[in-house]
Amino acid sequence: MGQPRMRSLGSLIGSLITAAGAIAVLVLAPWWLLLAAVLLLALWTMVTRIGRQAWSVTEVGLATIPQRLGASSVVVVGIAGVVAVLVALLAMAAGFEATLKQSGTNDTAIVMRAGAHTEINSVLDHDSAGLVAQAPQVLRNEQGQPIASPELVVVASLPKKSNGLDANVEVRGVGERAWSLRPEVRIIAGRKFGPGLRELIVGKGAREQFSGVDLGSTLRLNGQTWTVVGAFDSGDAHNSELWADTDVVAATYRRGSSTASVTVRLTGADAFDAYQAGLASDRRLTVETKTTRAYYTDQSAALARLIRILGITVAAIMAIGAVFGALNTMYAAVATRSREIATLRAIGFRAVPVIVSVLLETMLLALLGGALGAALSWVIFNHYTVSTLGSNFTEVVFAFQVSPPVLWTGLKWALAIGLIGGLFPALRAARLPVTAGLREL
Amino acid sequence: MKYLQLIWTAMFRSKTRTIFTLLSVLAAFLLFGLLDSVRSAFANAATSVAGVDRLMTVSKISFTLSLPKSLLPRIEALPGVAKVTYANWFGGIYQDPKNFFPNEAVADNFFDLYPEWRLSQAERTAFGNTRTGAVVGESLAKKFHWKLGDKIPLQATIYPQKNGGNNWTFDLVGIYRAADPKRKSEENLLFFNWDYFDEARAFGNGNVGWYVLKVTDRKLAQQVAQALDALSTNSDHETKTQTEQAFNAAFVGQYGDIGLIVGAIMGAVFFTLILLTGNTMAQAVRERIPELAVLKTIGFSNHSVLGLVLAESVLLILLGGAIGLVLAGVVVDAVRAAVGTAVPMTRVGAAIWLRGVGLMILIGLIVGALPARRGMRLRIVDALAGR
């Protein structure tokens, strides 16, 4: 009695290890490796005898799916649910990351007070702001003026269109040369704010998410009335902001002549190291210098990571449910086909084609489910726009990005679920005692 | 009730299948428990301030903006206010940003308002008398191997000193303990003297980050909050007074619409679950058609067969769901113990169980409906003949 039990325990552990190994390969493998594996499998089914046997058994299995439509759809829908949720949350993280990453380049640099990390924490006095712009690595325009923008970030409260609740919006005071610093910024409605006036222009994203920022409307900042005179599109995180003249913002918020940061255009991406070193060695300054790409990438890291962890946790719990659903379906499928499988074994088919056929069938169903879930997510969520809290504790508007890598991850999960859900029933099918199977009604 | 044995046996007729189904139901309700705990934490926090005796006053626009200290005497003078204290976020870094822990400059009566944090009288006096004194939680002190008398250097992120330096050094004069051992996660803060902070910082002098006040009577909380916010209406520093939970929830709530996200995920989960268990039940009934026919032959009415099948499917979901919710409760308690109020989660209590069990019964009835109808309608002769 003890012997067979030991053996079945051993084989269970063996198949668990195989499953874990296969999933690790699936998760880690790049697309070309999987493509190669699929091609190899196709070659195997066409060239070798066992492979041809496997394919013909699979064909029979697939042909009987319409008879078990309800049960098979459990595999498909279960996996579609997992993949849809996973893809949606990963697309959210990817969209947030991309929006912030686009906001920076390698040939512009942001200078803040040392240790500040974010603009809202930073204060630069007027003299420092001037010195920072005068460095030789800063690009100058035709008039010989450095392309630098002393900026000040303050917070305003505006009602969100979605729920009517007040949320924090970033108001960025920019210098007169902000336009040549960020040539990608286009005015899409109205006009630019006038220097020295209490006028604002609103970013495309902020305009969509918040009410009370239409052209010509007025809003109160720190007790003073400001007018919205235009709207702009920068294609990045600045779209969540309102822009105005730095000096007027500073006056309104009683910041004197200080600013929060200075952003400069460098003569080239290779000039950054010299620029940073130059500022660091200047005894008059205590500042930190980053390329704007590095600055915005750092800001997105923590939240994007949090969303990914959330997505993977939720999807993992859902995947457990889907695996058991698939197991149930495939065990039932094997049970209904037990007589057929026993016949095949009796006329000389080996165990391998039987295992491969059940596994292939499950994986194909899983792939269908994965594709369905990914497509669903893509249709609903691609470019879906939401806003969240950025590192200045103000709203950052961004769009979901259902990108190919995200879809690919979803499909890999689907295949992994199909693999586990199919492996054990496949092994059961191979071990069915032939005589008992033939006698079954 | 007398049929319980019968239902139970029928349910475990195919052990593997039932156990797999139970495990999927378990996974679904584990997820439900976790997500509903987060969702209710937000929903509860939004409720009124009535019935709470400690309130928090921050700038109405953003908690990153500070308030003038000149408000203090006016708040103290409000009827219904027992004690007021104030604090500033400092955001200093100890050695490396990875070592993050909250650190705040607080007024000398700060610990009077937080009796749940135990600090001995001697240490409290030392904190008051030492200009550069600091108090930390026991867990934090253990983590960095600090003991009384140690010097703790912090790198400022917001407030440089008047001489332009970013280095602030504090003398550890006290270690506080959470009165409730379950709230060990609250022992991860560092507090230092606001007077020293205000004197040494380069800018922002005379402003405080937020006020904390205790009301004389819980019933007055709503009234005090309104009166306090009225003090600064139409000024350039309007305030918002709320409970600490409401503050935390509003903060995290700005990250996104929690209810919507949770609702969408749960929709996907339960849709899948209904399909999955529905299939299991259909299978189970299909296999048992001859048995159900026998039951009818020996005198069970159509309705009792319907009831038997429905009861089986409800029982199946209830069993899996209950284990899932128990598990969710364990996980939520573990998370709360580990990270405290940073992740708003309510305990998996009566309200969540009530919603959960309601959902279980509903889903059980939905998935059982079709198979049960089939069982009810079957004709004995056909079923016994295997037609």
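Leaving aside its neighbours within four places in sequence, with which residues is A:Val87 in contact? In this predicted model, the list consists of A:Gly373, A:Ala374, A:Ser377, A:Val402, A:Val406, A:Leu407 and A:Gly410. A:Val87 itself is placed in helix α4 of chain A. One of these contacts, A:Val402, is 315 residues away along the chain, yet the C-alpha atoms of A:Val87 and A:Val402 are separated by 7.2 Å. A:Val87 counts as buried because it has 33 C-beta neighbours inside 10 Å, where a count of 20 or more is required.

A:Val87 also belongs to the largest nonpolar core, which has 187 residues. The residues with the most contacts inside this core are A:Val82, A:Val85, A:Val87, A:Met318, A:Ile417 and B:Leu31. Helix α4(A) supplies the largest share of the core, 22 residues. Another core, of 45 residues, lies apart from it and includes B:Leu172, B:Tyr176, B:Phe197 and B:Ala221.

Chain A is divided into two domains. Domain 1 is made up of residues 23–101 together with 300–439, and domain 2 covers residues 108–267. The C-alpha centres of domain 1 of chain A and domain 2 of chain A lie 48 Å apart. Eleven residues from domain 1 of chain A and 17 residues from domain 2 of chain A take part in the contact between them. On the side of domain 1 of chain A that touches domain 2 of chain A, the elements giving two or more residues are α4 (69–102), β11 (385–389) and β12 (395–399) of chain A. Of these, β12(A) gives the largest share, three residues. By class, this side of domain 1 of chain A has four nonpolar residues, six polar residues and one charged residue.

The contact between the chains takes 39 residues from chain A and 38 residues from chain B. On the side of chain A that touches chain B, at least two residues each are supplied by α4, β2 (148–159), β3 (166–174), α10 (292–336) and β11 of chain A. The largest share of this side comes from α10(A), with eleven residues. The residues of the side of chain A that touches chain B divide into 23 nonpolar, 15 polar and one charged.

Chain B contains 14 helices and twelve strands. Its radius of gyration is 30 Å, whereas a compact globule of 387 residues would have a value near 21 Å. Along the principal axes, the C-alpha trace of chain B spans about 95 × 45 × 35 Å. Buried residues account for 40% of the 387 residues in chain B. Among contacts in chain B between residues at least 6 apart in sequence, 82% join residues at least 24 apart.

Several strands of chain B pair with strand β8 (residues 167–178). Strand β5 (residues 117–118) of chain B pairs with β8(B) in the antiparallel sense over two bridges. B:Arg118 stands opposite B:Arg177 in β8(B). Strand β6 (residues 133–137) of chain B runs parallel to β8(B), and five bridges join them. B:Gly137 has B:Tyr176 as its bridge partner in β8(B), and B:Tyr176 is also among the residues of the 45-residue core. Strand β7 (residues 151–155) of chain B pairs with β8(B) in the antiparallel sense, again over five bridges. In that pairing, B:Leu154 stands opposite B:Trp168 in β8(B). In a regular strand, side chains alternate between the two faces of the sheet.

A further position in chain B is B:Ser313, in helix α12 (residues 302–339). B:Ser313 counts as buried because 27 C-beta neighbours lie inside 10 Å. When neighbours within four places in sequence are left aside, B:Ser313 is in contact with B:Met281, B:Gly364, B:Val367 and B:Gly368. The C-alpha atoms of B:Ser313 and B:Thr280 are separated by 9.4 Å, and these two residues are 33 residues apart along the chain.

Terms used:
Residues are numbered from 1 along each chain as its sequence is written. Chains are lettered from A and ligands numbered from 1 in the order in which they are written. This is a predicted model: local features need pLDDT of at least 70, side-chain atom pairs count only at pLDDT 80 or more; totals for chains, interfaces and linings use all residues. Domain bounds come from an automatic or database domain assignment. Two residues are in contact if their C-beta atoms, placed from the backbone, lie within 7 Å. Helices (H or I, at least four residues) and strands (E, at least two) are DSSP runs, numbered from the N terminus. Ala, Val, Leu, Ile, Met, Phe, Trp, Tyr, Cys and Pro count as nonpolar, Asp, Glu, Lys and Arg as charged, and the others, Gly among them, as polar. A nonpolar core is a set of buried Ala, Val, Leu, Ile, Met, Phe, Trp, Tyr and Cys residues joined through C-beta atoms within 7 Å. A residue is buried if 20 or more other C-beta atoms lie within 10 Å of its own, exposed if 12 or fewer, and partly exposed in between; C-beta atoms are placed from the backbone. The radius of gyration is taken over C-alpha atoms; the globule rule is 2.2 Å times the number of residues to the power 0.38. Two strands pair if DSSP finds at least two bridges between them.
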